[in-house]
Amino acid sequence: MSAEFTIDEVLRSKPGEIQIGLDFSPTTGTFAAMMRERNVTIVPATLNLEAPFNENLRPKGLLWVDRFFCTKDGTKLYLDEFSRLGYKKLIWRIVPKTDQRADELFFSAILEKPSRS
């Protein structure tokens, strides 16, 4: 099993609603080109680990975490934080990292930011 989601799998999570996204990756535009073929505009962004990501995403917007590397213990910390922020898990996948220690893994997620209350 792969930790990755296909673009179509992500788009099916909110059919017809995804029109724009931010890409916080070191890629050179391939992702943006593939999304453009599906009528979604991707804006490349620089990753700032101290940025308030929760404030940069609109209510009901999707946060796509793609193959994030961490330990098993670290996964619980991230799950707890996403829950604390009120994110709804639409798709979640955890896959062991087989080339290193037994407690290392990748996780991918499609999370929906809650509506403002």
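Is Lys60 exposed, partly exposed or buried? In this predicted model, Lys60 counts as partly exposed because its relative accessibility is 35%. Lys60 is found in the loop between strand 2 and strand 3 (62-71). Its backbone deserves attention as well: the phi of Lys60 is near 70°, a positive value in a residue other than glycine. Most residues other than glycine have a negative phi.

A positive phi also occurs at Asn39, where the angle is about 65° although the residue is not a glycine. Asn39 belongs to the loop between helix 2 (30-36) and strand 2 (41-44). With a relative accessibility of 60%, Asn39 counts as exposed, because exposed means over 50%.

In soluble globular proteins, nonpolar side chains tend to be buried together. Here the largest nonpolar core has nine residues, namely Leu57, Val65, Cys70, Phe82, Tyr87, Leu105, Phe107, Ala109 and Leu111. At least two residues of this core come from strand 3, and at least two from strand 5 (104-112). Strand 5 gives the most to the core, supplying four residues.

When its neighbours within four places in sequence are left aside, Ala109 is in contact with Phe5, Leu63, Trp64, Val65, Ile91 and Trp92.

Key: Residues numbered from 1 in each chain as written. Predicted model: local features only at pLDDT ≥ 70, side-chain atom pairs only at ≥ 80, totals over all residues. Heavy atoms only, no water. Buried < 20%, exposed > 50% of the residue type's maximum accessible area, 1.4 Å probe, protein only. Core = buried A, V, L, I, M, F, W, Y, C linked by side-chain atoms within 4.5 Å. Contact = heavy atoms within 4.5 Å.
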